[in-house]
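Look at the sequence and the model shown below.

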Amino acid sequence: AGGDNVVTIALRFSDGKKGQRRFEGDTEMDEIFNWVDAVFKMERECVALTTMNGQKNFTYGNNDGLVLEDANLGRMVALRVSEIEVDKLDDEQDTDSSEDEE
């Protein structure tokens, strides 16, 4: 990625690992999660990306087509990568289905 509309994303993992890549400004946030999944072997649905100051938080599938340039991250941003639990939805669905059987 090169040109005027480029955003550099620097990742910081809890184990000290780091990653960095440049993306075009019109790249959707969910593409960042695809990169984390493919390169760093972390399931994209189990990852939260948070700005270092904690003001912005992103999770896969909850960005409604948001692109980098509209996320107001600047031309270079460091994001903290943290794992999140996703089995809460499964538990709720199990509860609903058992109530229907009665």
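This is a predicted model: local features need pLDDT of at least 70, side-chain atom pairs count only at pLDDT 80 or more; totals for chains, interfaces and linings use all residues.

One of the four, Asp70, sits in the loop that runs between β4 (57–59) and β5 (76–83).

## The salt bridge

Side chains of opposite charge can pair when their charged atoms come close. How many salt bridges does a search of the whole structure find? The search finds 1. Its partners are Arg44 and Glu45, whose closest N and O atoms are 3.2 Å apart. This pair counts as a salt bridge because the cut-off is a distance within 4 Å.

Are these two residues buried, partly exposed or exposed? Arg44 has a relative accessible area of 25%, so this residue is partly exposed. Glu45 is also partly exposed, at 37% relative accessibility. Buried would require a value under 20%, and exposed a value over 50%.

## The fold

The protein contains 2 helices and 5 strands. Along the sequence they follow the pattern β-β-α-β-β-β-α. Contacts between residues at least 6 apart in sequence can be sorted by that separation: 56% of them join residues at least 24 apart.

## Surface and interior

The protein has 102 residues, and 32% of them count as buried.

Technical notes:
Residues are numbered from 1 along each chain as its sequence is written. Side-chain values use heavy atoms; hydrogens and water are left out. Buried means under 20% relative accessible area, exposed over 50%, partly exposed in between (1.4 Å probe, protein chains only). Contact means heavy atoms within 4.5 Å. A salt bridge is a side-chain nitrogen of Lys or Arg within 4 Å of a carboxyl oxygen of Asp or Glu.
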